[in-house]
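Please review the briefing below alongside the displayed model. It treats overall dimensions first, then the sheets, then a single loop residue.

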Amino acid sequence: MVPLAKWEQPLRILFVTSEMAPFSKTGGLGDVSGALPRQLLAAGEDVRVLVPWYGRPDGARLQHRADIYLPFSGEKLAILSHSEHPEWLFLRHPDFERAGTPYQNPAGEDWPDNAQRFARLCRAAVEIAQGRVAELFWQADLVHVNDWQTGLVPYLLDLEARVGAARPRTLLTIHNLAYQGRFAPTVLEPLHLPAADFHPEGTELYGSFSFLKAGLVYADHLSTVSPTYAQEIQRPEFGMGLDGLLRARSHALSGILNGIDAEHWNPAADPYLPAHYSADDLQGKAICKARLQQELGLFPDPGVPVLGMISRLVEQKGSDLVLALAPELLKRGLQLVILGSGERALEQRLRELGSMHRGQMAARIGFDEALSHRIEAGADIFLMPSRFEPCGLNQMYSLRYGTVPIVHETGGLADTVVDVDGSVTRPGNGFVFRPAQVDALRTAILRAERYFHQPALWRELQARGMGEDHSWRSAALAYRDLYGSIV
């Protein structure tokens with residue numbers, strides 16, 4: 001990435017997020033938060049990342065940096081920084097350090113005090129952004145917040161401006177509009193938030209107080225993670241009850257497609273793979289397929305298409321479509337590998353199918369970073385039948401790994417995958433279907449199977465996808481331009 005010219009002053013950006021890979025990750029937000037700030041730093045910006053510390057490994061390299069005293073409550077929280085990356089700031093409080101995910105307990109239930117937990121993160125972000133943490137010697141020009149967990153920050157800064165305080169500009173990125181941080185209005189008093197703003201033009205969302213809506217109303221600018229999703233969320237079918245607000249703010253809404261970490265996801269050097277390969281030499285991919293079949297107990301047959309899927313097992317992701325179609329696909333002789341977790345009924349159905357079709361289907365419940373890399377490398381075809389998908393990353397991982405994606409035409413999937421049979425303006429790199437129904441998905445898989453059995457066409461398709469650049473470079477430059485226009 002080209003650094004800023006010497007005469008330009010770098011922007012001081014506070015990036016606030018509820019998760020950041022490799023320390024915490026439940027989905028794409030963690031990947032974005034781990035990659036985008038690094039790219040912005042490489043571009044010459046002055047970035048600080050604030051994220052809760054969940055007590056995960058690597059704590060030995062953290063050191064105490066400062067204390068923050070929250071307004072109203074006077075509660076003291078510690079700020080830790082990483083010895084190798086002082087720009088990474090971790091907010092420490094006992095209520096963040098629990099078993100389970102950042103948002104749910106081990107039984108998959110939301111923590112009942114999520115409003116209080118993430119309000120602490122937002123209050124701490126405001127103290128840092130306003131330069132009120134003396135030990136940090138730093139104040140923000142712009143605060144970039146992400147999803148509902150940080151949605152209070154623009155609102156809190158707006159409250160400060162109402163009493164005459166100067167404040168930094170704010171940007172809220174929507175990674176998934178379905179998660180809105182909705183709580184009973186009784187949280188207003190313990191969170192020390194004014195009831196006067198609890199109305200339909202303010203923080204109220206159908207009778208609930210919404211962290212996300214507070215951010216959408218009071219942030220200076222909004223963005224989301226793909227151009228198509230930015231348009232979709234302004235329509236009732238994708239707007240999750242917020243489409244009217246988003247249409248009203250369309251002049252302040254941008255869609256910037258996420259990138260991928262091209263170093264971490266690189267088939268030529270991936271430490272999780274048994275063999276490496278490139279678009280010029282795919283022999284290593286054949287080895288990865290054979291080893292994946294062996295690892296997961298599938299029949300060792302290089303001539304059978306292996307379909308992979310790595311996903312949360314929820315309706316949004318179209319997991320039910322794949323499970324409904326699985327018996328028919330397996331009867332045709334295809335092999336299916338699925339890694340994920342989510343709704344208990346879908347997990348149970350996945351286990352049952354895997355048990356019934358040993359040798360042809362492998363089901364793994366849970367998250368396994370290493371196995372996800374081996375599936376991307378060892379599968380021939382990758383399934384992403386999401387009913388809606390703000391951006392999606394696995395389709396871009398798949399393209400980079402020569403694993404041809406099949407996607408539903410929505411959000412970032414539509415922005416990155418071009419149907420090999422359906423475009424006259426751009427070369428195809430995968431298979432696109434609509435609507436999100438079993439019949440349409442079946443047709444797309446059968447088309448992919450026909451291409452797979454034509455080796456020359458298939459290698460051409462693989463090489464085309466592997467030659468595309470989906471790294472963070474262009475996205476980071478777009479964000480930097482957006483920051484400049486906001487400030």
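Predicted model: local features only at pLDDT ≥ 70, side-chain atom pairs only at ≥ 80, totals over all residues.

Residues are numbered from 1 along each chain as its sequence is written, and side-chain values use heavy atoms, with hydrogens and water left out. The protein chain contains 15 helices and 18 strands; helices (H or I, at least four residues) and strands (E, at least two) are DSSP runs, numbered from the N terminus.

**Overall dimensions and packing**

- The radius of gyration of the protein chain is 23 Å, close to the 23 Å given by the globule rule for 487 residues, so the chain is as compact as a globular protein of that length. The radius is taken over C-alpha atoms, and the rule is 2.2 Å times the number of residues to the power 0.38.
- The C-alpha trace spans about 70 × 50 × 45 Å along its principal axes.
- Of the 487 residues, 58% count as buried, where buried means under 20% relative accessible area, exposed over 50%, and partly exposed in between (1.4 Å probe, protein chains only).
- Among contacts between residues at least 6 apart in sequence, 71% join residues at least 24 apart; contact means heavy atoms within 4.5 Å.

**The nine-stranded sheet**

- Nine strands form an open sheet of mixed pairing, in the order S3-S4-S5-S2-S1-S6-S7-S11-S12. Two strands pair if DSSP finds at least two bridges between them.
- Strand S3 (62–69) and strand S12 (253–255) are the edge strands, each pairing on one side only.
- Neighbouring strands of this sheet are turned by 25 degrees against each other on average, direction ignored. Axes are lines fitted to C-alpha atoms, for helices over the stretch in contact, and angles run from 0 to 180 degrees between N-to-C directions.
- Four of the five residues of strand S1 (residues 12–16) are buried, so S1 is largely enclosed by the rest of the structure.
- S1 pairs in the parallel sense with strand S2 (residues 46–52) over five bridges, and Phe15 has Val49 in S2 as its bridge partner.
- From S1 the chain crosses through helix H1 (residues 28–42) to S2 in a right-handed β-α-β crossover. A crossover is right-handed if, with the strands pointing away from the viewer, the path from the first strand over the helix to the second runs clockwise.
- H1 lies across S1, S2, S5 and S6, and runs at about 160 degrees to S2.
- S1 also pairs in the parallel sense with strand S6 (residues 142–146), over four bridges; here Leu14 has Val143 as its bridge partner.
- Strand S4 (residues 76–82) and strand S5 (residues 88–92) are joined in the antiparallel sense by four bridges, with Leu89 in S5 as the bridge partner of Ser81.

**The three-stranded sheet**

- Strands in the order S8-S10-S9 form an open, antiparallel sheet of three. Strand S8 (182–183) and strand S9 (204–205) are its edges, each pairing on one side only.
- S8 and strand S10 (residues 208–210) run antiparallel and are joined by two bridges; Phe183 stands opposite Phe209 in S10.
- Helix H4 (residues 211–218) packs on this sheet, touching S8, S9 and S10, and its direction makes about 55 degrees with that of S10.

**Strand S13 and its partners**

- Seven of the eight residues of strand S13 (residues 306–313) are buried, so S13 is largely enclosed by the rest of the structure.
- Eight bridges link S13 to strand S14 (residues 335–342) in parallel, and Ser311 stands opposite Gly340 in S14.
- The chain passes from S13 through helix H8 (residues 319–331) to S14, and this β-α-β crossover is right-handed.
- S13 and strand S16 (residues 381–384) run parallel and are joined by two bridges; Leu307 has Ile381 in S16 as its bridge partner.

**A buried loop residue**

- Gln234 lies in the loop between helix H5 (227–232) and helix H6 (243–248), and is buried, with a relative accessible area of 15%.
- Leaving aside neighbours within four places in sequence, Gln234 is in contact with Asp243, Leu246, Arg247, Ser250 and Leu253.
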